[in-house]
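Please examine the sequence and the structure shown below before reading on. This briefing is arranged by topic.

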Amino acid sequence: MKKEFVQRYAKNPILTKEDVPYKVETVHNAGVVKHNGKYIMIFRSHLDTGRSIIGLAESDDGFNFTVAPEPFMTPAKEKPFSEYEAYGVEDPRITPLEGEYYITYSAYSKHGVRIGLAKTKDFKNVERIAFITQADYRNTVIFPEKINGEYVKMDRPHSDISPWAIWISFSPDLVHWGRSELIIKPVTYHWDEMKIGPGAPPIKTDRGWLNIYHGVFPTMDGSVYRLGAALHKLDNPAEVIAVSDRWILTPQAPWELVGYVHNVVFTCAAVPEEDGTLKLYWGAADKVMCAGTAIIEELVDLCLSSPREAK
Ligand code: BMA
């Protein structure tokens, strides 16, 4: 029997627009962390303008969430942020780092899409820090600790020439980034052949950084978004140890197959637990939020036992 690496939570979807006390059309692509013994989720919602905002929900067990009465982040009103967020804020990822929570999000405007960085201590007040890319970047994840004295991020620049791939960059201060290099590329006629991008902020394991990413395959019926796993060297995450040949999650449940955008599972969050499991969260068909669990060591073994080339 084919092994399933992610066990879906029995009561998926865990959050839908019906759970939100203000008017939204979708609940998807959420960042999640544990904070003061609770799970905090910040989720993207389309409004009926087609533009997105970010809401907040809280849970004791990581599966049953209650949504806060007001949105958490809406497009900024003050410059310079207002200039680049006018069309919405999307796909937040949260990294706990040095006692604070750093949030990366896609900022859309007439100038394109770029990545904003914000931080919070308590998920009540959020402070925007800077835009950390130019236009044409999405899917930025920050590693949860400095490596060799530097902050590290991965993201996915757009490109018409080369495949849309995962890049890594380094920074002394989280604002200025450089020494970028391409580290994982789509593979031709493979489930992730069209484009790939970082998903959840990386998880530290004894054998390397576990990177759960998304990959896209084009079909006659539109694109299919799936999730895969890769392992990066602990002291040099630019070095990719292995990328699993197989995907770890594919659209299967009815709400993953049909929704706002069909055939999408898209992650911005995986929360490691003390028992060696992780809780994985994904937006299903860009419409609802789902969750599942996986055994971290099994994902690491999967990468090592059946790798495909990284680039
Ligand atoms: C990507 C992003 C994601 C979305 C996905 C599937 O390009 O827009 O936010 O979940 O497409 O529609």
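The model is predicted. The ligand in it is surrounded by ten named residues, including Asn-29, Asp-91 and Asp-286. Elsewhere in the model the count comes to eleven aromatic pairs. Among the backbone features are a cis peptide bond from Asn-12 to Pro-13 and a positive phi at Asn-139.

**The ligand and its surroundings**

- The residues around the ligand are Asn-29, Arg-44, Asp-91, Arg-138, Lys-195, Tyr-225, Val-261, Val-264, Phe-266 and Asp-286.
- Sorted by class, this shell consists of four nonpolar residues, one polar residue and five charged residues.
- Asn-29 places a polar side-chain atom 2.9 Å from an oxygen atom of the ligand.
- For Asp-91, the distance from a polar side-chain atom to an oxygen atom of the ligand is 2.6 Å.
- Asp-286 likewise has a polar side-chain atom 2.6 Å from an oxygen atom of the ligand.
- The ligand exposes 310 Å² when it is taken alone, and the protein buries 82% of that area.

- The model has eleven aromatic pairs by the rule used here.
- One of these pairs is formed by Phe-72 and Phe-123; the ring centres are 6.1 Å apart, the planes make an angle of 40 degrees, and the pair is tilted.
- Phe-72 lies in the loop between strand E5 (65-67) and helix H1 (81-85), whereas Phe-123 lies in the loop between strand E8 (112-120) and strand E9 (127-131).
- Phe-72 is buried, as is Phe-123.
- Phe-81 and Phe-131 also make a tilted pair, with 5.1 Å from centre to centre and 45 degrees between the planes.
- This second pair connects helix H1, which holds Phe-81, with strand E9, which holds Phe-131; the two residues are 50 residues apart, and the pair links distant parts of the chain.
- Both Phe-81 and Phe-131 are buried.

**Charged groups over rings**

- Which residue has its charged end over the ring of Tyr-84? Arg-114 does, at 4.4 Å from the ring centre.
- Arg-226 lies over the face of Trp-247, and its distance from the ring centre is 4.0 Å.

**Two buried side chains**

- Tyr-213 belongs to strand E16, which covers residues 208-219.
- Is Tyr-213 buried or exposed? Tyr-213 counts as buried because its relative accessibility is 0%, and the cut-off for buried is under 20%.
- The side chain of Tyr-213 forms a polar contact of 3.1 Å with the side chain of Asp-192.
- Tyr-213 and Pro-202 are eleven residues apart along the chain, and their C-alpha atoms are separated by 9.4 Å.
- His-28 is part of strand E2, which spans residues 28-35.
- His-28 has a relative accessibility of 0%, and therefore counts as buried.
- Although His-28 and Cys-290 are 262 residues apart along the chain, 8.5 Å separates their C-alpha atoms.

**Cis peptide bonds**

- The peptide bond that leads from Asn-12 to Pro-13 is cis, and its omega is near -5 degrees.
- Pro-13 is located in the loop between strand E1 (7-8) and E2.
- A cis peptide bond also leads from Lys-79 to Pro-80, with omega near 5 degrees.
- Pro-80 is located in the loop between E5 and H1.

- Asn-139 is not a glycine, yet its phi is positive, at about 60 degrees.
- Strand E10, residues 137-142, contains Asn-139.
- Because its relative accessibility is 1%, Asn-139 counts as buried.
- Asn-263, a residue other than glycine, has a positive phi near 60 degrees.
- Where is Asn-263 found? Asn-263 is in the loop between helix H2 (254-257) and strand E19 (265-272).
- Asn-263 has a relative accessible area of 18% and is therefore buried, since buried means under 20%.

Terms used: Residues are numbered from 1 along each chain as its sequence is written. This is a predicted model: local features need pLDDT of at least 70, side-chain atom pairs count only at pLDDT 80 or more; totals for chains, interfaces and linings use all residues. Side-chain values use heavy atoms; hydrogens and water are left out. Rings of Phe, Tyr and Trp (its six-membered ring) pair if their centres lie within 6.5 Å; planes under 30 degrees apart count as stacked, over 60 as edge-to-face and the rest as tilted. Helices (H or I, at least four residues) and strands (E, at least two) are DSSP runs, numbered from the N terminus. Buried means under 20% relative accessible area, exposed over 50%, partly exposed in between (1.4 Å probe, protein chains only). A charge sits over a ring if NZ of Lys or CZ of Arg is within 6 Å of the ring centre and within 35 degrees of the ring normal. A residue is near a molecule or strand if one of its heavy atoms lies within 4 Å of it. A polar contact is a pair of N or O atoms within 3.5 Å; within protein, one must be able to donate a hydrogen and the other to accept it, and residues adjacent in sequence count only if both atoms are side-chain atoms. Accessible areas come from the Shrake-Rupley method with a 1.4 Å probe; for residues, only the protein chains shown count as cover. Ala, Val, Leu, Ile, Met, Phe, Trp, Tyr, Cys and Pro count as nonpolar, Asp, Glu, Lys and Arg as charged, and the others, Gly among them, as polar.
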